[in-house]
Amino acid sequence: EKWARFLSRHNFLVGPSIDGPPVLHDRHRRDRRGGPSSTPVIAAFELLRAHDAEFNVLKIVNRDNSRRPLEVYRFLRDIGVTFMQFIPVVERANADGRLAGPPRGRPDGEDQRVTPWSVRPDHYGRFLCAISTSGYDTTWGGSSSNSSTCNSAVDGWTSNAVHFRRNLRPGLAVEHNGDVFACDHYVYPEHR
């Protein structure tokens, strides 16, 4: 309650993450005890709405949920989300299995391999196409649910989406433990 009031009073734009219905979200988003995290995330949406705090949903598209675009979209729409950003998750791991961070040198280098949960390019494209051609109203709240990502791909370096841009714009990522990063695509120790 206190955080929701504070965020609203000081006009913060919050970017909570939810990856779809609980069955999809809880596969990769666990709490510190290893339990599912969808229930508290949905409760946080309700608190933000109750206190008129502004938020946009950051929806990670991974290998699992990329195959169920309409189920994900309907769920987000049904819980009252009015603006969605569909962010493709592509992470690399070192040979020992630890996350490697942003690619250095050749992205297909032997020391860094794409993780099994990373979305495939063709699945990401189909995910966006399925939502944009589904016949659902994607313009509620004055914003298009997929225009952020589609416009980003077209606009390239001028866009807000960091994975299509050359340089970062101000927009911090604050983790649950208080760590601060310049961008949510660079939440790696060397960028803290």
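Partly exposed means a relative accessible area between the two cut-offs, under 20% for buried and over 50% for exposed. Keep those limits at hand for the tour of this predicted model.

Start with the whole structure on display. The salt bridges in it number eight, and the stops below visit some of them.

**Stop one: R77 and D78.** Select R77 and D78 and show their side chains. A salt bridge links the two, with 3.5 Å from N to O. R77 has a relative accessibility of 29%, so R77 is classed as partly exposed. D78 stands at 58%, and because exposed means over 50%, D78 counts as exposed.

**Stop two: R120, D122 and R126.** Select R120, D122 and R126 together. These residues belong to one network, joined by salt bridges that share partners.

**Stop three: R68 and E71.** Now select R68 and E71. What do their side chains form where they meet? They form a salt bridge, and the N to O distance is 2.7 Å. Is R68 buried or partly exposed? R68 has a relative accessible area of 28%, so R68 is partly exposed. E71, at 29% relative accessibility, also falls in the partly exposed class.

Colour R5 by accessibility: the value is 36%, which means R5 is partly exposed.

How values were computed
Residues are numbered from 1 along each chain as its sequence is written. This is a predicted model: local features need pLDDT of at least 70, side-chain atom pairs count only at pLDDT 80 or more; totals for chains, interfaces and linings use all residues. Side-chain values use heavy atoms; hydrogens and water are left out. A salt bridge is a side-chain nitrogen of Lys or Arg within 4 Å of a carboxyl oxygen of Asp or Glu. Buried means under 20% relative accessible area, exposed over 50%, partly exposed in between (1.4 Å probe, protein chains only).
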